[in-house]
Number of protein chains: 2
Amino acid sequence: MPSDNVFKAISDPTRRKILRLLNGGEMTAGQIAEHFEISAPSMSHHFGVLKNADLIDVRRSGQQLFYSINTTVFEDVMTVLMELFGTGKEPDTISGGDTK
Amino acid sequence: MPSDNVFKAISDPTRRKILRLLNGGEMTAGQIAEHFEISAPSMSHHFGVLKNADLIDVRRSGQQLFYSINTTVFEDVMTVLMELFGTGKEPDTISGGDTK
DNA sequence: TCCATATTTAGCTAAACGTCTAATTATATC
DNA sequence: GATATAATTAGACGTTTAGCTAAATATGGA
């Protein structure tokens, strides 16, 4: 059940780019940050948002934190998207979804 | 080419519900507003955001404005989403997409 | 234990966002 | 023209968000 924070998470271009990068395999926070001209704390903030939305996983190895993409939410997102655009099944009643 | 404002548009639960409603066919601004406990101006604002993202079309008939869903952007959104989660084709280089 | 490195947490600021009320525009009817 | 209805635009307000710097936490090595 993809809640609001998933859509909020992918609504930011920086976070979408992070996801694209992680698509090539897990990376450390520092490696990811190299691809941006944004301070480390700001990057950490974005990691937090993605983590909170269950879009990425973290693993510590020594001093470094390795981030990887988590595709389990992906299917849910696609389903909601298809419902929005009428490609999926027609709802009997407009459920309202997560209005708030 | 779905730009930032498309993702921003669907990041709001009220606007997602509007899209779901329009999925059943075109509706007037007033008819849509009946499904929400939000002032007409606020609803109008949401229509503007969706319109700006090319997610809905408008047509005037008399005093009323009829809104309908526009699915032309849908395919683009899906493509980007699949790219984010690695379901699509692997990019040779991380293009960065619409970082800003 | 002390220092360097990697990353996060805390706290701040400016911009963006969602909402509201009041005023305006557009159309229809009398 | 005057009035009613449908919807928007204008402007204000509180909250959220993305960015920053400074400080804190965690790990590894001398």
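A quick word on the model: it is predicted, so local features need pLDDT of at least 70 and side-chain atom pairs pLDDT 80 or more, while totals for chains, interfaces and linings use all residues. Residues are numbered from 1 along each chain as its sequence is written, chains are lettered from A and ligands numbered from 1 in the order written, and side-chain values use heavy atoms, without hydrogens or water.

Now for the rings. Phe, Tyr and Trp rings (six-membered ring for Trp) pair if their centres lie within 6.5 Å; planes under 30 degrees apart are stacked, over 60 edge-to-face, and the rest tilted. The whole structure has four aromatic pairs over all chains. One of them, A:F85 with B:F74, is tilted, at 4.8 Å centre to centre and 35° between the planes. A:F85 sits in the segment after α5 (74-84) of chain A and B:F74 in helix α5 (residues 74-84) of chain B, so this pair joins two chains.

On to the DNA. Counting a residue as near if one of its heavy atoms lies within 4 Å, 24 residues surround DNA strand C, and A:G30, A:Q63, A:Y67, B:S39 and B:H46 are the closest. Here are some polar contacts (N or O atom pairs within 3.5 Å):

| Side chain | Atom of DNA strand C | Distance |
|---|---|---|
| B:R15 | phosphate oxygen | 3.0 Å |
| B:H46 | phosphate oxygen | 2.4 Å |
| B:Q63 | base oxygen | 3.2 Å |

Methods
Polar contact = N/O pair within 3.5 Å; in protein donor to acceptor, adjacent residues only side chain to side chain. Helix = DSSP H or I, 4+ residues; strand = E, 2+ residues; numbered from the N terminus.
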